[in-house]
Amino acid sequence: MSNSVDPGVFVQISRPEGPLEDNICTKTPEEGLKNSEEGPKKRRRLHPAWTVAAVAFLALVGAAGFRAAPGVLMVPLQQEFGWSTTVLSAAVSINLVLFGLTAPFAAALMERFGIRAVTAVALGLIGAGSALTVLVNQSWQILLTWGLLIGLGTGSMALVFAATIANTWFARSRGLVIGILTAGSAAGQLVFLPFIAMLAQDPGWRQASLLIAAGALAVVPLVLKFLKNSPADVGALPYGAEEPSGAPSVATAAPESAEPRRNAAVRALLVLRSASRNRTFWALAAGFAICGATTNGLIGTHFIPSAHDHGMPETTAAGLLAVVGIFDILGTIASGWLTDRFNPRILLAVYYQFRGIGLLVLPLLLGSSVQPSMIVFVVIYGLDWVATVPPTAAICRQVFGADGSVVFGWVFAAHQLGAAAAALAAGAIRDATGHYNYAWFGAAAMCTIAAVISATIRKDAGRRKPAAVATASVD
C-alpha cells in the first residue's frame, strides 16, 4: 500500500542532504560549469615576482648603507688622522669608479651564475669592506676598504640590479618596479644616515662603519633563501606575461630568454661594442654621467662638509640628506609610474633642468641654521634625485631589447664615472678656494647640458631595434 511508504526514506533517496561521491547526482550541468569557472579565481595568490622584488628591495636597502657614509665620516676622519679633503675624495672616487665599471659585468655575471649568487657575494664584500675600515690608520688603507672592496660590492648591487630584476621577472609594470627598487637605495640612505651621523659623533666613526657592515650582512640569508634567479625556477611566467596557446607547461618549458652559458666579461664587452654604434647610447651615457656628478659625486659626498663650512652641525646636515632620501623614494616611484605612461626622453629633460635650477641657488641657501627655503630645496632635490633611472632603463630596454640590462650597466658606469670625477673635483676646489661655490655653479650648468642632450634623443628610438644589437650574442 502506498500509505506504508516512509516519506523520509523517499526524500532521502531523491534529494540527499549531503553530497554523494558522484557529483553528477547532486549538480546540474550548469552548476558544474559555474563552479569550474569560479574555481581558479579562488586559488589566486601573490605572484612570486613580487616576493623576489621585495627581497631585492631589502638587498638594495642593506647595500645602500655606505652611500650615506662618506659625507658623514669625512670630517671625523680628517680630525683623527689629519687627511685632506682631496685624499678622502680620492677614496670616494675610486669607490664610485668601481661602482660604475663593475655594473655591466655584474649584469652579465647575473646571467651567467644567477642573480642570487652574485647578490650574496656583493653584500659580503660590502660588509667586509665596512668592517675592515675600523682597522685603518694609513691613507692607502682607506683607499682599499672604501675604494676597492666596497666599490666592487656596491657596483654589483648597483641600479643595474634593479633593471635586471624588472626585466627578468616582470613583463608588465617594469617602470614602476624599477622605480620601487631604485627607491631601495634611497630607503637605505634614509635608514642608515641618521644613525651613522649620531654614531660618528658619539661613540665614534668606527661604530658607524660596523653598523654599515651589519646592515649589508643581515640581508644575505634572505637573499639566499628567497631571491630566485628566474621565473622558470618556480615554474612561473614573468608577471603580466601570457603563456602562448599550445605551449608546453611552464614548469617544464625552458625560459624564452634562456641562452647557453658564456663568458660574462666577453658578453659585457661585446654588448658595449654593439651599443656604442647607436647615438642613443651616447646620449644616455652623457646624461647619466651628469646625473651621477650631481647626486652621488657632489651632493652625496660634499653636501655635509659644505654645510659644515657654513656653521651647520653635521647631524643637522645629515638630517637634511635623510629628508632627501624620503622624497627620493616618492619621486622615484612616481617617475616609474610616469615612465609607463609618458615619453621617457621628455621626462629626462625635465628632471635634469629642475635639478640644475636647484644647484644654481644652493649656495644662497646654505647657512648655520635651516631656513624654509632650504627645506624647499631638499624636497625638490629629493623628488628629482634618481627619478632619472626609470626612464633611462626604459629607453635601454626599448632600444636594445634583451641586451637592455647590460647596456644599462654601461650607462650606469658612465653615471659613476661622472660621480667620481665630481667628487674628486669638488674636493680639490674646496682645498684650493676654501668653499664649494664653483662646484655648485658648474654642476648647474652641466644639468642644462644634460637636459638638452636628453631632449634630442630621437622620438622613434623606442620603436626601432638596431641590427647591431644582434651581434652582441656569443656562441
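**View 1. V271 in helix α12.** V271 is located in helix α12, which spans residues 264–275; helices here are DSSP runs of H or I with at least four residues, strands are runs of E with at least two, and both are numbered from the N terminus. The model is predicted: local features need pLDDT of at least 70, side-chain atom pairs count only at pLDDT 80 or more, and totals for chains, interfaces and linings use all residues. Residues are numbered from 1 along each chain as its sequence is written, and side-chain values use heavy atoms, with hydrogens and water left out. V271 has a relative accessible area of 2% and is therefore buried (buried means under 20% relative accessible area, exposed over 50%, and partly exposed in between, with a 1.4 Å probe and protein chains only). The C-alpha atoms of V271 and G404 are 9.2 Å apart in space, although the two residues are 133 residues apart in sequence.

**View 2. The whole chain as context.** The chain contains 20 helices and zero strands. Of its 475 residues, 51% are buried. Among contacts with a separation of 6 or more, 84% join residues 24 or more positions apart, a contact being heavy atoms within 4.5 Å.

**View 3. The largest nonpolar core.** The largest nonpolar core has 119 residues, of which L73, I299 and F303 touch the most other members. Helix α19, residues 404–433, gives the most to this core, with 11 residues. Such a core is a set of buried Ala, Val, Leu, Ile, Met, Phe, Trp, Tyr and Cys residues joined through side-chain atoms within 4.5 Å. Residues up to four places away in sequence aside, I299 touches T294, L321, L359, L362, F377, Y381, W385 and W440.

**View 4. T119 in helix α6.** T119 belongs to helix α6, residues 115–132. With a relative accessible area of 0%, T119 is buried. Its contacts, apart from neighbours within four places in sequence, are A59, M110, M157, F161, V223 and L227.

**View 5. A nonpolar patch on the surface.** I346, V350, F354, V376 and I380 together form a nonpolar surface patch with about 440 Å² of accessible area. Patches consist of residues with over 30% relative accessible area and no salt bridge, in which like charges are joined within 9 Å and nonpolar side chains (Val, Leu, Ile, Met, Phe, Trp, Tyr) within 5 Å; a salt bridge is a side-chain nitrogen of Lys or Arg within 4 Å of a carboxyl oxygen of Asp or Glu. Helices α16 (344–365) and α17 (372–384) each supply at least two of the patch residues, and α16 gives the largest share, three residues. V350 lies in α16 and counts as partly exposed because its relative accessibility is 39%.

**View 6. C291 and its closest cysteine sulfur.** The count of disulfides is zero, a disulfide being a pair of cysteine sulfur atoms within 2.5 Å. The closest cysteine sulfur to that of C291 is in C447, 8.3 Å away, which is too far for a bond. C291 is buried, at a relative accessible area of 0%.

**View 7. S173 between two helices.** S173 occupies the loop between α8 (159–169) and α9 (174–201). Although S173 is not a glycine, its phi is positive, at about 65 degrees. Most residues other than glycine have a negative phi. S173 counts as partly exposed, at 25% relative accessibility.

Conventions
Areas by Shrake-Rupley, 256 points an atom, 1.4 Å probe, with all protein chains shown as cover.
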